[in-house]
Amino acid sequence: MKWGSKMSEKTQLTTRDYLLSIQHLFAMFGATVLVPLLTGLNPSLALFSAGVGTLIFHCCTKFKVPVFLGSSFAFLAALSAIIRPEGAVVAENIPLAQGGIIFAGLIYLLFALIAFLIGADKIKRVFPPVVTGPVIVVIGINLASTAIGDATGGLSLADGLTSEIALNLGIALFTLFVVILCSIFAHGFFKLVPILIGIAAGYVLCIILGAVGVFHMDYSAITSAAWINIPFVTKDMNGVSFMSLPKFELGAILSIAPIACVTFMEHIGDVTTNGTVVGKDFLKDPGLHRTLMGDGLATLFAGFVGGPANTTYSENTGVLATTKNYNPRLLRVTAIFAIILGLFGKVGAILQTIPGPVKGGVEVMLFGMIAAVGIRSLAESDLDFTHSRNLTIVGLILVFGLGFAQLGGLNVHAGSITLNISGLFIAVVIGVLMNIILPQAADTVKN
């Protein structure tokens, strides 16, 4: 069998197929572990829950869809606000984030039920690109300050550009430059993993600078980490347990769960793209309701054990398109590899020693890309922005989403309970309501 040939589900896997599964592992690795590194969740647990979630997804979709599920970037801002309210990780808040992730999974299951009952087209009318596009832009722009903060090493710019800040920014820009080079000019395997290569290059640079005494590297997380992660026992350098039980708080739920309304549309796009690459319509067979159910149950599992919310990964679809090998079993082997890596505590500890400026350089690229994806969604939908209806919906989503996010959300007091409603939640509600209320035949603005 040739390397790029198609395989049937019944064909026995070869050594080359296992190597291809490892390539899928590299494709998802950088993004999957970056989400917990940025939010404070346990990176080993993110790998573990991504692997288990992928296996759950394949069971729900009759083992037909060659998809890998990894950590979703859409939840970054909401998770960071709960787990790292002042910048440092508060391990006690992670169970609250888990409760929100669980409800996000339940929303997925609700969409799956609706898709089964009425079909996907009617659901998509409630969340058209004029709503989801600007909401994605809000997610990306709200993360911009986090990227710059990490790029400077968490140091204040109030006193100007100090030598330490300049060094941190230099490391961040070097990492960013490597990511850009790989994204634009690399070919083959290297083009599939620009984030991973950028992090590796930045990490090596920091090791060299640390060896000559210019930059401080802290390896204590590696030496103190357990070799094997034991559920509910072993902890990472931030005191975050490998698996914890969720807690439910209304404020955290309302901050996290509504994001599923946005990732739902992302899910449809990813599954459609995956089907286009493979040459099948997965929205019909096994059906959108099954793919949504798989995503929802995977996110539910992640919420119950303490991992980030899962989503379908376009990175692995890129591997499919490059290799022309569409066997879903390869993705399940990749899932098993991810589970095994997640059980080794030293792997997660190495990831946690990645310096802030290195993460900041990658974040600049990633968070900017999130906002750009929202803009691309608007552009590809061919919306007419001379139409006052479209301008109104997009404008309100941007102002309410960004404005309330800058103010830390909207606090609602009910007796002794204070409920914080995030700017993103307000943006989603405003967008959906305006899309329903405003008439489609509203007058256009004449130039």
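The model is predicted, so local features are given where pLDDT is at least 70, side-chain atom pairs count only at pLDDT 80 or more, and totals for chains, interfaces and linings use all residues. Residues are numbered from 1 along each chain as its sequence is written, and side-chain values use heavy atoms, with hydrogens and water left out. Helices (H or I, at least four residues) and strands (E, at least two) are DSSP runs, numbered from the N terminus.

**The second largest pocket**

- The second largest pocket has a volume of about 920 Å³, a volume being the space filled by probe spheres set on grid points that are joined across faces, edges and corners.
- A pocket here is an open set of points on a 1 Å grid over the protein atoms alone, where a 1.4 Å probe fits and protein lies on both sides within 12 Å along at least five of seven lines; lining residues have an atom within 4 Å of a point.
- The lining of this pocket holds 34 residues, and those nearest its centre are Ala77, Ala78, Ser80, Ala81 and Ile82.
- Among the elements that give two or more residues to this lining are α3 (76-83), α6 (129-142), α19 (388-406) and β4 (417-421), and α3 gives the most, with 5 residues.
- By class, the lining of the second largest pocket has 14 nonpolar, 16 polar and 4 charged residues, where Ala, Val, Leu, Ile, Met, Phe, Trp, Tyr, Cys and Pro count as nonpolar, Asp, Glu, Lys and Arg as charged, and the others, Gly among them, as polar.

**Helix α8 and its partners**

- The axes of α8 (residues 163-185) and α18 (residues 356-380) come within 7 Å and cross at roughly 45°; axes are lines fitted to C-alpha atoms, for helices over the stretch in contact, with angles from 0 to 180 degrees between N-to-C directions.
- α8 and α18 are therefore oblique to each other, since angles under 35 degrees count as roughly parallel, over 145 as roughly antiparallel, 65 to 115 as roughly perpendicular and the rest as oblique.
- The crossing of α8 and α18 is right-handed, a term for the near helix being turned clockwise from the far one by less than a right angle, with anticlockwise being left-handed.
- In this contact (heavy atoms within 4.5 Å), residues of α8 including Asn168, Ile171 and Ser183 meet residues of α18 including Pro357, Gly361 and Met365, and the contact divides into 10 nonpolar, 4 polar and no charged residues.
- The axes of α8 and α10 (residues 194-211) come within 8 Å and cross at roughly 145°, and this crossing is right-handed.

**Helices α2 and α14**

- The axes of α2 (residues 43-60) and α14 come within 8 Å and cross at roughly 150°, which makes α2 roughly antiparallel to α14.
- The crossing of α2 and α14 is right-handed, and the residues of their contact divide into 12 nonpolar, 4 polar and 2 charged.

**Local backbone features**

- A cis peptide bond, with omega of about 15°, joins aspartate 285 and proline 286, and proline 286 lies in helix α14 (residues 283-305).
- Phenylalanine 232, although not a glycine, has a positive phi of about 65°, and this residue is in the loop between α11 (220-224) and α12.
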